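Here is a short briefing on one structure. Read it with the model open.

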Amino acid sequence: QGSEQQNEESALQQAAQNYATKLCELEIQIDDRGERYINVSESGVFTDQNDIGALNSRQELYEKHPGLKHRLVVFDHYQPLWEEILFFFQQPTNKRVFLVGTPGIGKSSMRNFHAHLIMKDAKTEKNKCMVVMTKGGKETHVRLSVNEDGVATAQVSSEEMNLTTVQRMGYTPGKDFFCLADISNGEVKHIFTEGGLVLYSSPNQQLANEQILKQECCRMGCPPPSKDSVLRYASSEMKEVYEKFGPIPRIVWGMVAVSEHEARLKEGLMNIQKFLGVAGERNYLKGPHRFFYMDVVKKDGKHQFRLSKTPVELVHAPRHVMRIVAEHVVKELLSPSITKQFGMQHKAIDGMLFEEVCLHLLALHPRAIKLKTRNLDHKSQPLRGHLKRNILELEDVERNDVDDVLHYVTPEVSTHTKLIVPQASNYAGLDAALVLSDKPKRTKRRKGNDHKVATALLQMTRSLNHPVADEGVDKFVLVEKKMKCESVASRNCVLFLVPEHNFDSFKKQKAKTEDKQSDLDKVLQLAGCIVVCKS
């Protein structure tokens, strides 16, 4: 066993030396489709196991595009993200950066590219530098260095590095010494914590996060690549996958089948009580529904990250991930053994997940819930004919995911309730719409209109203060005009779906701008909450 380990370390030593030498010579190239990349056919890359190997992503594209086989794709955010990290390290008190991204988003490629930038710049400027590549769960790490003459060397080591050792070598952490640590596989034994430490991890790795929680870090997120950059070489089938699952390269490029990816996500969410527990602690590092994407903003034609903003601006996980989490939450809520009602569970569920749980219950389990309502306008009940003692009991609900909600909100009478949901993650001013039809049960014709159709425009919020955006007010007014019909008695309202503990205290909401307040005053407002009534 000792001999095998020595042979492995010897092979890694040779591969690492070749990697260090070639890495300093590589240049970014651009092909005729505009894709920026580095050809790593001769250098290899550090894999997820911290070994040197061939690049193995985008395998299904090699047959049609052999030139992609050794490409390390350089996404637009790789370099500006590193520049922001360097800026952060300029302050002596700043020692650690925690980079988080979903599986397959490109963290390993980014780590290789960051090593390339450090060593390439050192050789060009005739400076010295050292880069330590380390991995959670590994006994050894690799030290890559460049001296003032531009000579690159590599060393496989199992010795722990401390500040005294680094300073004795003549390096300054965060300036010419960096430790690039992949911690997605657990605790790193040979980690350097005194500066220049960049940690790469998936968001729901418990061991890694427990380790990082003990340290003060600048927490940053890997933003998803643009649709254009991801799909430049993808097939029509992969384009469909992208539309469904979003910009996760591992899925789009076929490294992991869709079903396997879903299974992996679900595996970490089986214990929903534990999940709700950590979510309730507001520990966003452990919440698998918060993926730490940080928006890339363009300023003066350059991509930048806003590190100065506290907390950093985050983008939620893709909607399909939210739906997987919501499915588990709902399953637990409908379990006969559950002791807490949905109102209590609300306290452990944040914004976008709360929305998905509500939609899941409305669409798939309408007979297991009651929708309590309360008129905030103190006027005639806008859902009259659909309510029994201010309770909306739903039976058959048809969910429609559409591009434009307003296009599908019509005064047409239907035998079932329609739940119309925007496909976009953020459909300004409107979360969803419930269109309820009520046919007369009496044989004699009613005086006036034959049918009643009620449209409840849903705004889902966990806050008591939820000003209505201008876009929302405009949508409400358009629906009011659109639903007017001679043969149908149309009643429309805005229904604020809130947690049960906010239901009684929720008040009539105002428009964000005074210019829209008069229009909003014409729209009836209701508060509502979902009560789980049976399994």
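Helices (H or I, at least four residues) and strands (E, at least two) are DSSP runs, numbered from the N terminus. Glu35 is found in the loop between strand 1 and strand 2. This is a predicted model: local features need pLDDT of at least 70, side-chain atom pairs count only at pLDDT 80 or more, and totals for chains, interfaces and linings use all residues. Residues are numbered from 1 along each chain as its sequence is written, and side-chain values use heavy atoms, with hydrogens and water left out.

**Glu35 and its surroundings**

- Glu35 is buried, at a relative accessible area of 1%. Buried means under 20% relative accessible area, exposed over 50%, partly exposed in between (1.4 Å probe, protein chains only).
- The side chains of Glu35 and Arg71 are joined by a polar contact of 3.0 Å. A polar contact is a pair of N or O atoms within 3.5 Å; within protein, one must be able to donate a hydrogen and the other to accept it, and residues adjacent in sequence count only if both atoms are side-chain atoms.
- Leaving out residues up to four places away in sequence, Glu35 touches several residues, including Arg58, Arg71, Val73 and Arg232. Contact means heavy atoms within 4.5 Å.

- Three strands form an open, antiparallel sheet in the order 1-2-5. Two strands pair if DSSP finds at least two bridges between them.
- Strand 1 (29-30) and strand 5 (71-73) stand at the edges with a single partner strand each, so one side of each has no neighbour in the sheet.
- Strand 2 (residues 36-39) pairs with strand 5 over three bridges, in the antiparallel sense.
- Tyr37 stands opposite Val73 in strand 5.

**Helices**

- Helix 3 (residues 107-125) has 19 residues; at 1.5 Å a residue it should span 27 Å, and its end C-alpha atoms are 27 Å apart, which agrees. The expected span is 1.5 Å times one less than the number of residues.
- In helix 15, the buried residues include Gly472, Val473, Lys475, Phe476 and Val479. They cover an arc of only 160° around the axis, so they lie on the same side of helix 15. The arc is that of the directions from the helix axis to the C-beta atoms.

**Cysteines**

- The structure holds zero disulfides. A disulfide is a pair of cysteine sulfur atoms within 2.5 Å.
- The sulfur of Cys129 is 7.0 Å from the closest cysteine sulfur, in Cys24, too far for a bond.
- Cys24 is buried at 4% relative accessibility, and Cys129 is buried at 2%.
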